[in-house]
Amino acid sequence: MKIYRLHKKQNLPITIAQAWEFLSSPKNLKTITPDYMGFNIISGADRAMYPGQIIQYIVTPILGIKTKWVTEITHVSHQKYFVDEQRFGPYALWHHKHFINEIDGGVEMEDIIDYKLPLGILGQLAHPFLVQPKLEEIFSYRQKKLIELFGIYNG
């Protein structure tokens, strides 16, 4: 059983409160997801984030195949971090930690995602040429979109 990790950091020239307000709202996930992924929230994004919150999405990650993705917000520490875990969707395991830390002139956002692919060896074979590049592309898009929304950190 192979578990992969994606680890990303980004600095932005905003306050912890601004970062938290944007990042902890499930509705904003669509804004920082590439349009071609057809990301739409079905339910669960009508309240402020809380532990136990179930959010349902439709997403089209590859080959135009629509997929239902259900996540649970398992941990929330106001203006510090939150964790979402897949309950149903394309991964055998998806555990995503979001950290927000104050730094000089802004915040450092950190994403740590531990994930496992379905289909055993077939999933592992697809990882380096399909899954990993797609995740890198999605997080690169997010980084550019957040700079577009909030500016470049000059710390």
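**Close-up views of the predicted model**

View 1. Together with L119, L122 and L125, I121 makes a nonpolar surface patch of about 470 Å². I121 counts as exposed because its relative accessibility is 57%, the cut-off for that class being over 50%.

**View 2. The largest nonpolar core.** The largest nonpolar core holds 31 residues, and the members that touch the most others are Y91, W94, V107, Y115 and L135. At least two residues of this core are supplied by each of β1 (4-12), α1 (16-23), β3 (54-59), β4 (67-77), β6 (93-103), β7 (106-116) and α2. Helix α2 gives the largest share, namely five residues. In soluble globular proteins, nonpolar side chains tend to be buried together.

**View 3. The surroundings of V107.** V107 is one of the residues that touch the most other members of the largest nonpolar core. When neighbours within four places in sequence are left aside, V107 is in contact with Q10, N11, L12, I14, T15, I16 and A19, and also with I100, N101 and E102.

**View 4. The salt bridge between D114 and R5.** Of the structure as a whole it can be said that it holds seven salt bridges. In one of them, the side chains of D114 and R5 meet with an N to O distance of 2.8 Å. Because D114 lies in strand β7 and R5 in strand β1, this pair ties together parts that are 109 residues apart in sequence. D114, at 13% relative accessibility, counts as buried, whereas R5, at 55%, counts as exposed. Salt bridges that share partners join R5, K97 and D114 into one network.

**View 5. The salt bridge between E136 and K8.** The side chains of E136 and K8 meet in a salt bridge, at 2.5 Å from N to O. Since E136 belongs to helix α2 and K8 to strand β1, the pair ties together parts that are 128 residues apart in sequence. E136 is partly exposed, with a relative accessible area of 30%, and K8, at 26% relative accessibility, also counts as partly exposed.

View 6. K134 forms a salt bridge with E137, and the closest N and O atoms of the pair are 3.7 Å apart. Both K134 and E137 lie in helix α2, where they are three residues apart, or about one turn of the helix. E137 counts as partly exposed, its relative accessibility being 37%.

Technical notes
Residues are numbered from 1 along each chain as its sequence is written. This is a predicted model: local features need pLDDT of at least 70, side-chain atom pairs count only at pLDDT 80 or more; totals for chains, interfaces and linings use all residues. Side-chain values use heavy atoms; hydrogens and water are left out. Patches are made of residues with over 30% relative accessible area and no salt bridge: like charges are joined within 9 Å, nonpolar side chains (Val, Leu, Ile, Met, Phe, Trp, Tyr) within 5 Å. Accessible areas come from the Shrake-Rupley method with a 1.4 Å probe; for residues, only the protein chains shown count as cover. A salt bridge is a side-chain nitrogen of Lys or Arg within 4 Å of a carboxyl oxygen of Asp or Glu. Buried means under 20% relative accessible area, exposed over 50%, partly exposed in between (1.4 Å probe, protein chains only). A nonpolar core is a set of buried Ala, Val, Leu, Ile, Met, Phe, Trp, Tyr and Cys residues joined through side-chain atoms within 4.5 Å. Helices (H or I, at least four residues) and strands (E, at least two) are DSSP runs, numbered from the N terminus. Contact means heavy atoms within 4.5 Å.
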